[in-house]
Protein chains: 2
Amino acid sequence: MNGEERLQRYAELALRVGDNLQPGQDLLIACLVEHAPLARVLAREAYRAGARWVEVQYDDQQLRRALIEFAPEDTLDWTPPWVLAHYDELGRRHAAFLRIVGDADPVILADLDGRRAGRARMAELSRLWARITDDKLVNWTVIGCPTPGWANQVFGRPDVEGLWQAVERTLRLDTPDPVAAWTAHLDRLERTAAALTERRFDALHYLGPGTDLRVGLLSSGRWAAARESTSQGVRYTPNLPTEEVFTSPDRRRSEGTVAATRPLSLGGLVVRDLELRFQDGRVAEVRASTGADAVRAQMGTDPGAGMLGEVALVDGSSEVGRTGLVFWNSLFDENAACHIAYGRGFRYLVADDREAEDGLNFSAVHTDFMIGGPEVQVFGVEPGGAEVAVIRDDRFEL
Amino acid sequence: MNGEERLQRYAELALRVGDNLQPGQDLLIACLVEHAPLARVLAREAYRAGARWVEVQYDDQQLRRALIEFAPEDTLDWTPPWVLAHYDELGRRHAAFLRIVGDADPVILADLDGRRAGRARMAELSRLWARITDDKLVNWTVIGCPTPGWANQVFGRPDVEGLWQAVERTLRLDTPDPVAAWTAHLDRLERTAAALTERRFDALHYLGPGTDLRVGLLSSGRWAAARESTSQGVRYTPNLPTEEVFTSPDRRRSEGTVAATRPLSLGGLVVRDLELRFQDGRVAEVRASTGADAVRAQMGTDPGAGMLGEVALVDGSSEVGRTGLVFWNSLFDENAACHIAYGRGFRYLVADDREAEDGLNFSAVHTDFMIGGPEVQVFGVEPGGAEVAVIRDDRFEL
């Protein structure tokens, strides 16, 4: 595939399967300046598909660095009121959102104060976005766009073409009909999610090197694949690629230790060898060979930031996993292996209001990190205490 | 000067002399994605100078093209409410603004429908910006940043280095102390403006090839240089470079014909050989060898768009003019030669409220174009009708 054809096919998939953009909708594309070539094709294709208004909000990692390095302390976590007005208005308009990830420089923040880097996030915007998505006001998706810096992190050299080919494979863009391939794949994931919901496990138990973790589940919670519908009935796929089934656990019942099985890229710094110890649902200890300060600062954002909001299962059949690559990017790496997220849970996955209030986690933070792999076994714990293999030797056993 | 040192010196000049950024101020930098290298240095230097919050709003000519090519008719001149909220809030905060100009592709819109291109502007935002600047709420400046596309338009080849050297010369960045050079230069321009105000001409009369134009002046109007002060007392320079003295004329009293002496770049298309005929203050005829449709569409924005809002005088001593280049960019070209602008006038230049209401032009449009040069003589018409040379043989005669 040449460059232009690649962007064209990618844009079509992202708008049709990812956003499922509707005629007359507004679309906000959020990305880095380095993603401009893809953003431009997306904007053009969105208008061609009948969008009413398309805007691209270009972000810049170097500005984020300048903020963290030089801005007054109070500015770090400030959300400008016009940004809230913007998102609020787009929510009320039932707009579509498309976010492009893929760091220009994955370690641009590595030498800065981790505490300031962890604090530098628009927490108020995160909370508003949580409300907009919990209320299913908008259809949205996240996709990746290779950059030289990202490719360098993956391959040790700026092999952008190699990274594009890997991304294409995970997106099934190399198949004759990617849209059909995604429909079939999402159907499969939804069947797995339904089977897990049916089992009504009381908890999950993860066992592997450095990991012995139990996470309680909510009795009215359900498992889902990343295919959702807005309040207006628009069906969309919030992540491309996606290989996971996931639910939001009981924030009160995480116990034990867990070791990350892949590095975690926090948009400018890398957290290596992360290990967390949970007690009574809450992170009691954070260890990492790099980036621990930034994780601790994130967890200080609000009371829910140090509790779990998501558990997700991925087995060895994942197209992302089968590339054999560490992508150093959560959108991809979380779809290569089982993962959990500290921070916010998903309200729509919990049927019972009372149970959601008591047990579902709330936070402005939501950070996924990878804890699965061939050496990690996952068991479902039945209400009586019996443990049933859910993933053994990197395969679902349901 | 190497690249980094150049950007550093430029940023310092723009923030000190252009914006005169104050400690604790917010700063909005508006530019194209192609200007990112300069925007990043400006952001860093702004924080170092004590800014509280710096944001960069990256625009993209290719998105503008997609809008004009594909968007529904009603979207073309739409201003999103959150953009108004944003600017309104920055006005109330007495923020600083810095705009970077310099097209990535000066003819990106050339093959599109000129009517749609002319209509595609956020007129509501222009009106809000006019109010913010008329009320002197914010300190702001406009500077240029060379791009390969712009350099190609100037030199017929993408000689970015050549364009940088020309820009540096016009900005006096090649002098030992650019800040001091600008202070002296602006003082000189202010003396010229004061001398013109003192003369109390009733009108200007332009005579040259294709030009025989009389423009009435307001009796309580004054001439100014581009050095202003906010309501908070911050003195700033809205254009860098600047070589002009200017006033806002009586919108009712433009008569005759005028031929542009340089091409006019409208941010994506070029207007060549523009000729306007005025009758009773209003443009009665628009001719051009390219771009006439876009000019006519602009003039259809509102009733004031086809009347004059500014007359500006520049003589042959201009550092911009002395480069001998056509910059294909109004920030530079308007400082190489006398120019006039159709559209909005400047409220703060007219002392008498009643006269401003009757004679000052109001519009969402303000487009400068060049009408001066060695062959164009400018006369001041005294209240009695006598004509006095103001610029003869490209030199002020005051």
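**View 1. Lys136(A) is a buried partner in a salt bridge.** Lys136(A) has a relative accessibility of 12% and counts as buried (under 20% relative accessible area, with exposed over 50% and partly exposed in between; 1.4 Å probe, protein chains only). The side chain of Lys136(A) meets that of Glu228(A) in a salt bridge, 2.4 Å from N to O (the term covers a side-chain nitrogen of Lys or Arg within 4 Å of a carboxyl oxygen of Asp or Glu). Because Glu228(A) lies in strand E8 (residues 228–229) and Lys136(A) in the loop between helix H6 (123–134) and strand E4 (139–144) of chain A, the pair ties together parts 92 residues apart in sequence. Helices (H or I, at least four residues) and strands (E, at least two) are DSSP runs, numbered from the N terminus. Glu228(A) is buried too, at 9% relative accessible area.

A note on all views: this is a predicted model, in which local features need pLDDT of at least 70 and side-chain atom pairs count only at pLDDT 80 or more, while totals for chains, interfaces and linings use all residues. Residues are numbered from 1 along each chain as its sequence is written, chains are lettered from A and ligands numbered from 1 in the order in which they are written, and side-chain values use heavy atoms, leaving out hydrogens and water.

**View 2. A salt bridge crosses between the chains.** Arg40(B) and Glu34(A) form a salt bridge, with their closest N and O atoms 3.0 Å apart. The pair runs from helix H2 (residues 36–48) of chain B to the loop between strand E1 (26–32) and helix H2 (36–48) of chain A. Is each end buried or partly exposed? Arg40(B) is buried, with a relative accessible area of 15%, whereas Glu34(A) counts as partly exposed at 31%.

**View 3. Arg48(B) and Glu45(B) pair within one helix.** Their closest N and O atoms are 2.8 Å apart in a salt bridge. The two residues are 3 apart in helix H2 of chain B, which means about one helical turn separates them. Glu45(B) counts as buried, at 15% relative accessibility.

**View 4. Chain A has an open sheet of 5 strands.** The strand order is E7-E10-E16-E17-E18, with antiparallel pairing; two strands pair if DSSP finds at least two bridges between them. Strands E7 (224–225) and E18 (366–370) stand at the edges with a single partner strand each, so one side of each has no neighbour in the sheet. Strand E17 (residues 339–343) pairs with E18(A) in the antiparallel sense over 5 bridges. Which residue of E18(A) is the bridge partner of Ala341(A)? That partner is Asp368(A).

**View 5. Leu313(B) sits in the largest nonpolar core.** This core has 237 residues, and Ile29(A), Leu313(A), Ile29(B) and Leu313(B) have the most contacts inside it. Such a core is a set of buried Ala, Val, Leu, Ile, Met, Phe, Trp, Tyr and Cys residues joined through side-chain atoms within 4.5 Å. Leaving aside residues up to four places away in sequence, Leu313(B) touches several others, including Leu196(B), Tyr206(B), Trp223(B) and Phe396(B) (contact means heavy atoms within 4.5 Å). A second, separate core of 7 residues includes Ala224(A), Ala226(A), Phe246(A) and Phe346(A).
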